[in-house]
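Please open the model in a viewer and keep the selection panel at hand. The stops below are meant to be followed in order.

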Amino acid sequence: MNPFLSRWVEEIAQLTCPEKIHWCDGSEGEKSALLQQALASGGMEELSQTLLPGCYLRRTPEHDTARTEQLTFICTGKKEDAGPTNNWMAPREAYEKLSLIFDHSMAERTLYVIPFLMGPLGSPYSRIGVQLTDSIYVALNMRIMTRMGQVALEALGNSNNFTRCLHGKADLEMHHRFICHFPEDNTVWSVGSAYGGNALLGKKSLSLRIGSWMGQKEGWLAEHMMIAGIEDPEGNITYVAGAFPSQCGKTNLAMLVPPPSMKGWKVHTIGDDIAWLHPGPDGRLWAINPEAGFFGVAPGTSQKTNPNAMAMIQKNTIYTNVLKTPEGTVWWEGVGTPPPEQGIDWRGRHWTPAQGEHAAHPNARFTVPAAQCPSISKEWQNPQGVPVSAILFGGRRAGLQPLVYETSGWNAGVYAGATMSSETTAAAMGQTGVVRRDPMAMLPFCGYHMGQYFSHWIRTGAQLQNPPKIFHVNWFRKDSKGNFLWPGFGENLRVLQWIVERARGEAGARASVLGYIPEHLNLDGLRLSQNAFGELFNIDIQEWREELEYRKRFLETFGNVLPEEIWKEQALLQENISKTPIGADAYVHPAN
Ligand code: OXD
Ligand code: MN
């Protein structure tokens with residue numbers, strides 16, 4: 001028995017006073033036993049085992065359906081280390097405050113000890129965590145999302161090098177909810193929520209917040225990115241990684257099915273949410289997906305938007321906050337089939353379409369093993385990862401940003417990522433549809449000062465002899481009537497084709513004020529009006545002048561921690577924009 005681990009478990013048991021302690025081994029027998037208990041307690045419901053074998057449903061309290069960023073803290077000794085974009089609490093205050101909530105909170109409950117591995121077994125890039133939780137639902141989800149149990153315990157051996165992740169439901173009330181990260185102690189304490197992003201501590205907490213801190217110290221990057229291999233008809237595979245805020249289509253992009261006109265193209269999924277990126281000895285950037293499952297958004301997932309996801313969630317899936325039909329199957333808005341005549345909605349109430357209310361919560365989820373994805377790559381568990389040739393940054397913007405542009409180099413790409421913005425979605429509690437700056441889609445997930453994070457990006461690029469090219473994409477541009485201009489989903493492969501060809505130095509481009517725009521885009525078999533195409537690539541100079549002002553104010557919030565290189569890129573763009581008259585063709589000017 002690892003003495004560091006047993007001592008810590010003992011310490012936490014003294015605080016939380018569980019009735020029992022269960023050490024998870026990750027076996028099939030254990031899974032069945034946990035499921036039986038969850039069903040018996042009413043915490044989970046069985047779905048039709050003939051139509052959806054191995055699938056279960058969980059309904060959560062109404063106020064526990066999304067991440068609560070306002071209750072998420074970085075607890076570093078010095079406040080400056082958390083930076084202006086994070087909530088900060090002094091470590092001592094946080095431990096004291098949360099100890100009061102944890103105190104005796106597990107009486108009459110079982111404490112599950114979950115050793116877990118983030119990353120492929122045997123990878124030098126993998127990290128180990130141990131989560132203590134009193135939620136069976138969380139334990140069952142961790143079982144899908146990580147490599148959990150004996151395998152992780154063996155990988156840990158007698159080492160003290162693991163992230164201590166304490167999670168407790170307490171009373172699941174907001175006023176008892178805190179998600180606190182102590183990067184200096186390699187520790188996370190989360191209490192009062194059982195929602196994935198708040199409670200599956202291998203995901204956002206370890207893989208991103210603690211991971212980004214570790215990455216800065218150790219020379220790698222922990223990113224909110226999907227990873228996929230794009231295979232062309234000749235069989236060449238080019239790997240891309242893409243950062244998009246929550247609910248902006250990372251899962252769909254990672255599992256994309258090529259449109260019929262793009263015969264011979266294939267997409268191989270490595271990951272849909274998190275990438276750990278390491279400079280390799282060959283001067284390239286190598287990516288692993290630390291997770292072992294997908295925690296995807298159900299609403300909007302359909303045969304049209306993501307057929308691979310639809311195929312993978314027919315078995316061994318935990319559904320959260322979707323509608324249950326009388327047949328024991330599931331339904332959600334945007335699933336592409338007509339609503340059932342009746343069902344039990346996400347709140348557990350009888351539902352009919354006539355009521356006009358959401359059947360599923362807009363942030364309803366499925367948790368499913370990655371291995372079940374039909375497009376999963378042969379390389380997804382490669383301990384070395386895959387070499388990344390292109391990085392995509394993108395947000396959900398109705399205007400401003402063109403469909404795609406290539407930045408003029410690594411630092412210009414870091415600047416494009418640092419100034420990213422997106423309309424907010426239901427993945428976090430709060431108002432949706434409001435534009436906010438979300439650098440590299442990491443605003444809620446960066447575990448330290450974002451100014452230093454940008455410097456770390458700049459430094460990482462400088463050390464790569466063969467860095468990925470960096471692109472900005474926007475699948476969400478709308479016309480003046482509010483209709484999407486680009487069909488998105490599988491058709492995004494047309495843009496990816498240009499991106500991978502650029503990454504290989506093959507496709508043509510023309511310079512614009514922002515960077516390089518495609519000279520030619522494969523639109524075969526796609527009905528897109530000339531007008532729509534023009535609008536998709538329109539760079540509105542007046543809008544960009546205003547945007548530059550917003551960016552300036554945003555970048556100023558990082559004070560003198562913001563690297564000079566970012567200001568330099570802002571100045572270059574400013575110069576390009578200011579010498580372009582309003583209404584002029586923004587393409588004629590050479591990029592930086
Ligand atoms: C997620 C998120 O669940 O980003 O991946 O919120
Ligand atoms: Mn995410």
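Begin by selecting Leu277 together with Ala287, its bridge partner in β17. The coordinates come from a predicted model.

**The strands around β16**

Next, display strand β12 (residues 221–223), which pairs with β16 in the antiparallel sense over three bridges. Here Leu277 of β16 is the bridge partner of Leu221.

Now colour β16 by accessibility. Because five of the five residues of β16 are buried, the strand is largely enclosed by the rest of the structure.

**The manganese ion**

Select the manganese ion (ligand 2) and show its donors: Lys204 through NZ, His224 through NE2 and Asp273 through OD, at 2.1 to 2.2 Å. The spacing of these donor residues in sequence is K-x19-H-x48-D. Lys204 belongs to helix α7 (residues 202–218), whereas Asp273 sits in the loop between β15 (266–271) and β16 (275–279), so the pair ties together parts that are 69 residues apart in sequence. Lys204 is buried, at 4% relative accessibility, and Asp273 is buried as well, at 8%.

**Phe294 and its surroundings**

Move to Phe294, in strand β18 (residues 293–297). Its relative accessibility is 0%, so Phe294 counts as buried. Show the residues it touches beyond four places in sequence, among them Met145, Met255, Met312, Val368 and Ile376. Phe366 is another of these contacts; it is 72 residues away from Phe294 in sequence, yet the C-alpha atoms are 7.6 Å apart.

**The cysteines**

Finally, select the cysteine sulfurs. How many disulfides are there? The count is zero, with sulfur atoms required to lie within 2.5 Å of each other. For Cys165, the closest cysteine sulfur is that of Cys180, 13 Å away and therefore too far for a bond. Cys165 is buried, at 0% relative accessibility. Cys446 is likewise in no disulfide, the nearest cysteine sulfur being that of Cys75 at 15 Å. Cys446 is also buried, with a relative accessible area of 1%.

Definitions and conventions. Residues numbered from 1 in each chain as written. Chains lettered and ligands numbered in written order. Predicted model: local features only at pLDDT ≥ 70, side-chain atom pairs only at ≥ 80, totals over all residues. Heavy atoms only, no water. Donors = N, O, S within 2.8 Å, 3.2 Å for Na, K, Ca; no water. Helix = DSSP H or I, 4+ residues; strand = E, 2+ residues; numbered from the N terminus. Buried < 20%, exposed > 50% of the residue type's maximum accessible area, 1.4 Å probe, protein only. Contact = heavy atoms within 4.5 Å. Pairing = 2+ DSSP bridges.
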